[in-house]
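Dear colleague,

I am passing on to you the structure we spoke about, with the sequence alongside. Please have it open while you read the notes that follow.

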There are 2 protein chains.
Amino acid sequence: MNFNEKLKNAMKMNQSLLCIGLDPDLELMREGMSVSKFNKAIIDATADLVCAYKLNLAFYEVLDKGMESLKRTVRAIPKHIPIIGDCKRGDIGNTAKAYAKAMFSLHGFDAVTVSPYMGFDSIEPFIDYWEKGVFVLCRTSNPGAEDFQSLPFILDGKEVPLFEIVALKAEQWNKKGKGHNIGLVVGATHPEELKLIRHHHPKMLLLIPGIGAQGGDLTSAVRNGVDAWGRGAIFSSSRQIIYASKRRDFAQAARQVALSLRDEIKHLATTRKK
Amino acid sequence: MNFNEKLKNAMKMNQSLLCIGLDPDLELMREGMSVSKFNKAIIDATADLVCAYKLNLAFYEVLDKGMESLKRTVRAIPKHIPIIGDCKRGDIGNTAKAYAKAMFSLHGFDAVTVSPYMGFDSIEPFIDYWEKGVFVLCRTSNPGAEDFQSLPFILDGKEVPLFEIVALKAEQWNKKGKGHNIGLVVGATHPEELKLIRHHHPKMLLLIPGIGAQGGDLTSAVRNGVDAWGRGAIFSSSRQIIYASKRRDFAQAARQVALSLRDEIKHLATTRKK
């Protein structure tokens, strides 16, 4: 089953557009717990509430036996829930090929995030895994996003920001590709720009981080981010959920936050004006 | 000793602006050899000819015990030769912090490459290691570089290509930082743009990949890339050197190619018109 189908099935089965970021942080985690045990507890408590899990590679690379923890975490996730490897890679052709193989074949991710700065041939090796998903960074949720992503470019006599040029190119590549497997990363912290991107790209799948701890407003993120059918977007949250408690009940606390977030997103997505 | 000093010393001691990319590829390597043994043989045969070694993370991440091979390779490099971790990372603040820690503290690199797309706060955690080097992707050597890097954006009323805006910002950040530890990655495959960047940024350290296998012309790369003193640039080559032979003499063959490349770069750098 390809990523798009797997995602749709998980969204339907769990009635959810929520993705949980499994980003272990030893300082925020319950003391003395191993990363893979912590993640497994969170997964076991939330697997019926999410459409995907997302693992940011940085938080595993920084650990001594991080790749072992990553492997165990991937193994702990039920087969029907897609896993996004948030790696933001981008390198020249033959190197990108090695990264794509690492992410898809070695780690077994169903989708990844990639950086667009180096252009098409840095993304192509990922897209070539047509049964996998590829989310291109478009408008990110951090303050520094302004530095380059919002720079105006003149296209057909109009000023268009870089992030929109990236979105346009990504949509072109998506139409050409066999798998139609490209989506965009658009942060929840910029609701107006999210609205613009959804308006110009009504059918593209969006990965929307930045709700919760990063301060993105959930209502506008959901109302602006979903497609005409109230779907087509994955809302990702990490710290707000997985570090809801440091006590013994941390997994149950995570479940409570995830449950109310899942329900709120669902409510907002289905009741918005079209 | 900080990266800048370590690099200068290695350049002087080995009379070299040459960097060798240790990018293991099981298909191109001598059959049956382990990655760390292969790398060690190359290092032992060339450590008196280089100003730095560069390890592209992709080629280790794709291997089963890749992080172990990386660790052994780093250990095999003499302490006075700086090591560049070519990882092209770029992520939001707290994630970038984890990446920086992984690259500098865990792997022990003296410098890294980073991607600028997400802006300052994605690069700052790397710069904060002020004794380490940080090369920001500017104009890369691959065909897809045209897709975004060469597009003209409006800056102060003028049309400026994105890569030049990145270079301008990087120079500003460099002046503000404690370590003056920012350099730029500019591919050898675009000699005119390399010339432009060197002209506008006469003092910035450049990391110049793409000579050799990627087809960049060495003469124009060196003449356009070095600073007014015939220094200030690192010329990186990988496949042309490390895969010079598949036979038992592969390390000696690598030495021969590295030696002539080192000498040619030196000759070009010292005899160019100012």
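To begin with the strands of chain A, strand β2 (residues 52-56) pairs with β3(A) in the parallel sense over four bridges, and within this pairing A:Lys54 stands opposite A:Ile84 in β3(A). Please bear in mind throughout that this is a predicted model.

Strand β3 (residues 83-89) of chain A also pairs with strand β4 (residues 111-114) of chain A, again in the parallel sense, here over three bridges. Along this second pairing A:Ile84 stands opposite A:Ala111 in β4(A), while A:Gly85 stands opposite A:Val112 in that strand.

Is β3(A) mostly covered or mostly open? The strand is mostly covered, since seven of its seven residues are buried. In a regular strand the side chains alternate between the two faces of the sheet. In β3(A), A:Ile83, A:Gly85, A:Cys87 and A:Arg89 point one way, whereas A:Ile84, A:Asp86 and A:Lys88 point the other way, and the residues in both sets are buried.

These strands belong to a barrel in chain A, which eight strands close in the order β1-β2-β3-β4-β5-β8-β9-β10, with parallel pairing. From one strand to the next, the twist averages 30°.

Turning to the contact between the chains, chain A and chain B each bring 43 residues to it. On the side of chain A that touches chain B, the elements that give two or more residues are α3 (58-61), α5 (93-106), α6 (120-127), α7 (145-149), β6 (152-155) and α8 (162-176) of chain A. The largest share of that side, seven residues, comes from α5(A). By class, the residues of the side of chain A that touches chain B divide into 24 nonpolar, eleven polar and eight charged.

The crossing in which α10(B) passes α12(B) is right-handed. From α10(B), the residues B:Leu218, B:Thr219, B:Val222 and B:Arg223 meet B:Glu264, B:Ile265, B:Leu268 and B:Ala269 in α12(B). Sorted by class, the contact of α10(B) with α12(B) has five nonpolar residues, one polar residue and two charged residues.

With best regards

How values were computed:
Residues are numbered from 1 along each chain as its sequence is written. Chains are lettered from A and ligands numbered from 1 in the order in which they are written. This is a predicted model: local features need pLDDT of at least 70, side-chain atom pairs count only at pLDDT 80 or more; totals for chains, interfaces and linings use all residues. Two strands pair if DSSP finds at least two bridges between them. Axes are lines fitted to C-alpha atoms, for helices over the stretch in contact, and angles run from 0 to 180 degrees between N-to-C directions. A crossing is left-handed if the near helix is turned anticlockwise from the far one by less than a right angle, and right-handed if clockwise. Two residues are in contact if their C-beta atoms, placed from the backbone, lie within 7 Å. Ala, Val, Leu, Ile, Met, Phe, Trp, Tyr, Cys and Pro count as nonpolar, Asp, Glu, Lys and Arg as charged, and the others, Gly among them, as polar. A residue is buried if 20 or more other C-beta atoms lie within 10 Å of its own, exposed if 12 or fewer, and partly exposed in between; C-beta atoms are placed from the backbone.
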